[in-house]
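Take a moment to find your way around the model below.

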Amino acid sequence: MTDWQQRFDSRIMRSIGMPLAKLERGDGAWVWDDSGKRYLDFLAGIAVNALGHAHPVFVEAVSAQAAKLAHVSNYFTTEPALELAERITRLAGAGDEGRAWFGNSGAEANEAAFKLARLNNSGGARTRMLALVDGFHGRTMGSLALTGKPHMRDPFEPLPGGVEHIPATIEALEAELDDAVSALILEPIQGEAGVVELPPGFLEAARELTHRHGALLIVDEIQTGAGRTGAWFGFQHAGITPDAITVAKGIGGGIPIGGLVTFGRASSLYTKGQHGSTFGGNPLATAVANAVLGEIERADLVGNAARRGAQLRERILALGSSLVAGVRGRGLLVGVGLDEPVAARVVAAAMDEGLIVNAANDSTIRIAPPLIIGDVELDEFDARFGRALERVAAA
Ligand code: PLP
């Protein structure tokens with residue numbers, strides 16, 4: 001073990017596995033480790049660094065706001081918080097009734113959504129909440145209760161109750177949605193499950209059935225939001241209007257922030273004093289999120305995600321690797337399905353080649369680069385990923 005590995009091993013909680021490298025700095029789509037080795041970062045901190053690393057807009061926003069006012073608590077509001085609520089409700093198309101609440105992470109955003117579902121109880125008649133098998137919504141007790149992965153949940157039972165996990169099929173929706181359901185929560189593309197898309201027509205059917213039964217449709221846009229899939233939010237590809245979305249990751253571009261955005265009648269479910277957070281909506285995080293989202297808008301990085309995502313898919317398939325079974329996902333959220341369970345070996349070979357990608361599961365490589373990538377980054381990716389695949393195929 002190296003010195004940092006020993007220090008990690010002795011002092012960091014064992015809930016986190018040994019990291020792939022100790023990183024020191026970044027610039028655009030590149031990061032450098034403590035030995036000076038350079039990597040092309042096609043994971044972006046798991047779909048977070050939307051503008052890449054050390055983007056001048058991000059640096060300026062952090063610096064300027066930190067020098068002015070960083071934290072005030074919920075007893076006060078600030079211009080950045082008001083502006084972010086207005087901006088995110090506009091981008092989500094939440095209309096005149098749209099409202100936003102801000103916290104500090106994706107899990108917290110989903111906690112707020114879970115509580116929202118509980119408030120949609122029709123005088124206690126709605127005792128069920130639905131989520132999808134294999135869905136991932138976070139690691140806190142509430143968000144874990146929504147998560148459809150038994151191996152993550154089991155050690156922590158009992159979790160908050162009333163949540164049922166159904167398969168992502170229209171038949172299951174039709175069979176399970178009834179007037180006792182308070183809400184259905186789902187990801188438009190299941191990122192942690194291995195970039196798995198919902199079946200065609202699923203979101204539309206979910207909208208229709210939740211409407212019919214008075215249940216909320218809550219879309220977890222934590223990984224798919226902020227332009228990553230080539231739309232501001234993943235649900236927009238389906239042309240539906242949800243009752244609420246949760247956001248985090250890319251909206252802060254690297255500053256911790258999460259949020260719940262409500263539409264229509266869902267905006268009046270929370271009443272005074274029912275939810276809050278000391279840090280949530282602080283001027284530092286909200287100013288940075290405004291700057292990041294503002295830059296995504298100004299530079300049309302949503303369009304770039306759509307265009308570059310299509311090119312990335314073509315290039316991966318054009319590598320012609322015998323290991324690649326297919327490519328999933330949308331925009332710059334890409335899952336490369338492998339024919340064999342060798343994802344961890346591909347990731348290790350890629351690290352060797354100076355490329356950061358991620359094994360979402362044994363046979364899927366997840367790719368989620370910064371939204372700023374262009375021809376140079378795609379060429380570099382091509383060469384490095386191609387070599388990594390060749391090495392694993394040859395072994
Ligand atoms: N929901 C989805 C869809 C996610 O991908 C994640 C994180 O990967 C979360 C929720 C949890 O977010 P956080 O890690 O910020 O708590």
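Helices here are DSSP runs of at least four residues, and they are numbered from the N terminus. Keep in mind that this model is predicted.

Begin at the ligand. Which helix gives the largest share of the shell around the ligand? It is helix H5, residues 106-119, with three residues. The shell holds 13 residues in total. The closest are Gly-106, Ala-107, Asp-220, Gln-223 and Lys-249. Sort the shell by class, and you get three nonpolar, six polar and four charged residues.

Now look at the contacts with backbone atoms. At Gly-106, a polar backbone atom is 2.8 Å from an oxygen atom of the ligand. Ala-107 also has a polar backbone atom 2.8 Å from a ligand oxygen. How much of the ligand does the protein cover? On its own, the ligand has 390 Å² of accessible area, and the protein covers 82% of that.

Step back to see the space around it. The ligand sits in the largest pocket. This pocket has a volume of about 1400 Å³. Its lining counts 45 residues. Nearest the centre of the pocket are Gly-45, Ile-46, Glu-192, Lys-249 and Arg-366.

Which elements build the lining? Helix H2 (44-47), H5, helix H12 (343-352) and strand S16 (358-361) each supply at least two residues. By class, the lining has 25 nonpolar, 13 polar and seven charged residues.

Finally, check the backbone itself. Most residues other than glycine have a negative phi, and most peptide bonds are trans. Ala-44 has a positive phi, near 50°, and is not a glycine. You will find Ala-44 in helix H2. The other detail is a cis peptide bond between Glu-157 and Pro-158, with omega about 5°. Pro-158 lies in the loop between helix H7 (150-153) and strand S6 (163-166).

Note on methods:
Residues are numbered from 1 along each chain as its sequence is written. This is a predicted model: local features need pLDDT of at least 70, side-chain atom pairs count only at pLDDT 80 or more; totals for chains, interfaces and linings use all residues. Side-chain values use heavy atoms; hydrogens and water are left out. A residue is near a molecule or strand if one of its heavy atoms lies within 4 Å of it. A polar contact is a pair of N or O atoms within 3.5 Å; within protein, one must be able to donate a hydrogen and the other to accept it, and residues adjacent in sequence count only if both atoms are side-chain atoms. Accessible areas come from the Shrake-Rupley method with a 1.4 Å probe; for residues, only the protein chains shown count as cover. On a 1 Å grid over the protein atoms alone, a cavity is a set of points where a 1.4 Å probe fits but cannot get out, and a pocket is an open set with protein on both sides within 12 Å along at least five of seven lines; lining residues have an atom within 4 Å of a point. A molecule sits in a cavity or pocket if more than half of its atoms lie within 2 Å of its grid points. Ala, Val, Leu, Ile, Met, Phe, Trp, Tyr, Cys and Pro count as nonpolar, Asp, Glu, Lys and Arg as charged, and the others, Gly among them, as polar. Grid points are joined across faces, edges and corners, and a volume is the space filled by probe spheres set on the points.
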